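Subject: Structure handover and notes

Dear colleague,

Here is the structure I promised to pass on, with the sequence alongside. Please keep it open while you read the notes that follow.

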Amino acid sequence: MPTAMISALPQIPLSVGVPRIVRGRAIVALLGEPGRPRGEERQYRRAVVETALRTLTTAVEGPTLFE
Amino acid sequence: MGAPIRVAHFMNQFFAGLGGQEAVNAPLEVRPGAVGPGKALEAAAGSHARVTVTLVAGDGWLNDHADEGTEAIVSALAAQRPDVLVTGPAFDSGVYGLNCARVGNAVATRLKLPVVSGMFPENPGVAAGRQRSLIVPTGRSAGAMPKAIAGMAALAVRVGGGDRPGSPEEAGYLPRGIRLNTVASRNGAERAVEMLVARLAGRPWATEIPLPAFEAVPSAAPLASLGTVRVGLLTTGGIVPRGNPDRIESRRATQWRRYPIEGLEEASAARFECIHGGFDGQYANEDPNRVIPIDVLRDLEREGAIGALVPSLWTTTGNAGPLDRARRFGEEIARDMSAAGVGAVVLTAT
């Protein structure tokens, strides 16, 4: 089961060998932008989740941070 | 022994007495003399060392301003010219440990100063920092402070005075993976056979090449497309149904759970809360979609980008969790997800 990990501190999964990694915004708001209008936040969230889904159809060799 | 070693000490907002999560964004402060655990460090070192300057930065601030922050710390220390930098001890706080590693790496490289730190061996700061900091292994929490400080003080005095650290076993720090060439009295074949004979006879034996603790995770093959795939949502962000019915712990969780999200178009604040003890859950509580993105996954499901969002949330708290337990949770969750027909996973980790 391919797994896409969204992390606020990508250096941790990179260092322990997680294959598919996507960076989130911040520890306190991984997939959000508090302070932005809700619509914009949702758009940002969708963009990150889409990147995460893209990793699932991509072959990787070793821990990989997708931007 | 000559004049006392001059020690610079880096620590976070909590140990400097500024508060916990509420002071996590405190910007860098440079204070003269010893602060908090620095006083214990001085006491442990006796007349051999003085903490001449303490650098305090909030865990969140330094994480978000890594380059600017470490630059400011390097500049401050270039002016102060200490004999050694001590960072932490960070115990099992991952964000603090990573910051200690980051600061230690910069100072060791740019100023060529020895750096001594203290961390619980599973702290991610160890992997990030052990090449350039001498990291004394500590217990998990501040209850282990006296022993940590004693080990760090002794090592700081030694390397601050210009001496070499000595071997990890002897000097009490975590191995750095550095290989020193030595000449053995017997060749490799003889030593290998002796090791094998001891092992077969059940006698104690020790490998000459310890393998790294984290085994490589083989990557699952990619899927051709997601249009028919059932996607499972897993989080270590500690998002649970309001009221935390199964009492999942906010730290060192002993359980993971699966909760139904059937029919939900989003993760509402009315239904979910964040019980993760490692960060301020204010934003996650306001809008749990920020940790469990049910809203956008539903949009993507409706649009056919994914076959389906499996109507379950798999959740636990990933805060200072022991590694062997985390490994077991992973195996159990994988089996459970598989049985639920999950073909691919989105894992959100704060």
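In what follows, a residue is called buried when its relative accessible area is under 20%, exposed when it is over 50%, and partly exposed in between, with a 1.4 Å probe and protein chains only. This is a predicted model, in which local features need pLDDT of at least 70 and side-chain atom pairs count only at pLDDT 80 or more, whereas totals for chains, interfaces and linings use all residues. Residues are numbered from 1 along each chain as its sequence is written, chains are lettered from A and ligands numbered from 1 in the order in which they are written, and side-chain values use heavy atoms, with hydrogens and water left out.

Chain A

Helices (H or I, at least four residues) and strands (E, at least two) are DSSP runs, numbered from the N terminus. Chain A has two helices and three strands, arranged along the sequence in the pattern β-α-β-α-β. Taken along the principal axes, the box filled by the C-alpha atoms of chain A is roughly 40 × 25 × 20 Å, and 51% of the 67 residues of this chain count as buried. Contact here means heavy atoms within 4.5 Å; among the contacts in chain A between residues at least 6 apart in sequence, 45% join residues at least 24 apart.

If its neighbours within four places in sequence are left aside, A:Thr51 is in contact with A:Val22, A:Phe66 and A:Glu67.

The sheet of chain B

Strands are taken to pair if DSSP finds at least two bridges between them. Chain B contains an open sheet of six strands in the order E2-E3-E1-E4-E5-E6, with mixed pairing. Strand E2 (29-32) and strand E6 (134-137) of chain B stand at the edges with a single partner strand each, so one side of each has no neighbour in the sheet. On average, neighbouring strands of this sheet are turned by 25 degrees against each other, direction ignored. For the angles, axes are lines fitted to C-alpha atoms, for helices over the stretch in contact, and values run from 0 to 180 degrees between N-to-C directions.

Strand E5 (residues 115-119) of chain B pairs with E6(B) in the parallel sense over four bridges, and B:Met119 stands opposite B:Pro137 in E6(B). Helix H4 (residues 94-111) of chain B packs on the sheet, where it touches strand E1 (5-11), strand E4 (84-91) and E5 of chain B, and its direction makes about 165 degrees with that of E4(B). Helix H6 (residues 145-160) of chain B lies across E1, strand E3 (49-56), E4, E5 and E6 of chain B, and runs at about 160 degrees to E4(B).

The C-alpha atoms of B:Val126 and B:Pro137 are separated by 9.3 Å, the two residues being eleven apart along the chain.

Two helices of chain B

The axes of helix H3 (residues 66-80) of chain B and H4(B) come within 10 Å and cross at roughly 50 degrees. That makes H3(B) oblique to H4(B), given that angles under 35 degrees count as roughly parallel, over 145 as roughly antiparallel, 65 to 115 as roughly perpendicular and the rest as oblique. Among the residues that meet here are B:Ile73, B:Val74 and B:Leu77 in H3(B), and B:Val103, B:Ala106 and B:Val107 in H4(B).

Backbone points to check

The peptide bond from B:Gly88 to B:Pro89 is cis, with omega near 10 degrees, and B:Pro89 lies in strand E4 of chain B. B:Arg81 is not a glycine, yet has a positive phi of about 50 degrees; B:Arg81 is placed in the loop between H3 and E4 of chain B and is exposed, with a relative accessible area of 64%. B:Ala320 likewise has a positive phi, near 55 degrees, and lies in the loop between strand E11 (308-315) and helix H11 (323-339) of chain B, but B:Ala320 counts as buried at 17% relative accessibility.
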